[in-house]
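My notes follow the order in which I checked them.

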Amino acid sequence: MFGFCVMAIENFVLDYVMNARRQSVQFLIFSTKWQEIANAIGTEMNHGVTILDGHGWYTGQKMKVLCILAKKRESVNIFRLIKMIDPNAFVSQSSVIGVYGEGFDEMKVKVKTDKKLSDNNKTGLSSV
């Protein structure tokens with residue numbers, strides 16, 4: 001029994017050490033001051049922000065929703081910016097398993113190219 005407990009703790013610690021610096025989070029920010037928040041995150045944190053169109057079911061009002069993917073260590077600074085601009089903002093933060101692209105991890109898959117696919121691209125046909 002002691003061996004299983006030690007093994008579980010070792011696995012947890014090893015997983016934490018290997019993935020701690022790669023952890024990412026996703027923010028969904030609902031605020032009437034969405035443009036100010038987006039500008040602050042874009043300029044002060046040099047971070048990308050995606051603006052989504054939302055529609056509240058209960059209120060029936062249209063609203064902009066900010067979507068931000070960031071490293072976990074940046075979370076506190078993002079919360080500070082949001083709270084300084086709009087203390088009443090509704091913020092959802094979620095852990096993200098993987099984020100790939102500029103500023104995050106690289107996609108480590110091999111792209112297969114076959115003759116049929118390259119021939120279709122030359123003629124303007126898609127292989128979908």
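These notes go from the overall fold to single residues.

**Overall fold**

I noted at the start that this is a predicted model. I then listed the secondary structure and got four helices and four strands for the protein chain. Read from the N terminus, the elements run α-β-α-β-β-α-β-α. I also looked up burial. Of the 128 residues in the protein chain, 21% are buried.

**Strand pairing**

I began with β1, residues 24-30, and β3, residues 62-71. They run antiparallel and are joined by seven bridges. I looked up two positions in β1 and β3. Ile29 has Leu66 in β3 as its bridge partner. Gln26 stands opposite Leu69, also in β3.

Next I took β1 with β4, residues 90-96. Seven bridges join these two strands, and they run antiparallel. For Leu28, the bridge partner in β4 is Ser92.

Then I turned to β2, residues 50-55, which is joined to β3 by six bridges. This pair is antiparallel too. Gly54 faces Met63 of β3 across the pairing. What do β2 and β3 form together? I found a hairpin, with six residues between the two strands. Gly60 sits in the turn and has a positive phi of about 75°.

Asn46 lies in the loop between α2 (34-44) and β2.

**Salt bridge and ring contact**

How many salt bridges does a search of the whole structure find? I got one. It pairs Lys64 with Asp53, and the closest N and O atoms are 2.4 Å apart. The pair links distant parts of the chain, with Lys64 in strand β3 and Asp53 in strand β2, 11 residues apart. I compared their accessibility with the cut-offs. Lys64 is at 28% and counts as partly exposed. Asp53 is at 66% and counts as exposed.

I came back to Lys64 for a second contact. Lys64 lies over the face of Trp34, at 6.0 Å from the ring centre.

**Aromatic pairs**

I counted three aromatic pairs in the structure. I looked at one of them, Trp57 with Tyr58. The ring centres are 6.5 Å apart and the planes stand at 40°, so I logged the pair as tilted. The reason is the cut-offs: under 30 degrees counts as stacked, over 60 as edge-to-face and the rest as tilted. Trp57 is exposed, at 79% relative accessible area. Tyr58 is exposed as well, at 74%.

**Nonpolar patch**

Last, I looked for nonpolar surface. Which residues make the patch of about 570 Å²? I found Ile9, Phe12, Val13, Tyr16 and Val17. I followed up Val17, which is placed in helix α1, residues 2-19. Val17 has 57% relative accessibility and counts as exposed.

Conventions:
Residues numbered from 1 in each chain as written. Predicted model: local features only at pLDDT ≥ 70, side-chain atom pairs only at ≥ 80, totals over all residues. Heavy atoms only, no water. Phe/Tyr/Trp six-rings, centres within 6.5 Å; stacked < 30°, edge-to-face > 60°. Buried < 20%, exposed > 50% of the residue type's maximum accessible area, 1.4 Å probe, protein only. Lys NZ or Arg CZ within 6 Å of the ring centre and 35° of its normal. Pairing = 2+ DSSP bridges. Patch = residues over 30% accessible without salt bridge, like charges linked within 9 Å, V, L, I, M, F, W, Y side chains within 5 Å. Areas by Shrake-Rupley, 256 points an atom, 1.4 Å probe, with all protein chains shown as cover. Salt bridge = Lys/Arg side-chain N within 4 Å of Asp/Glu carboxyl O.
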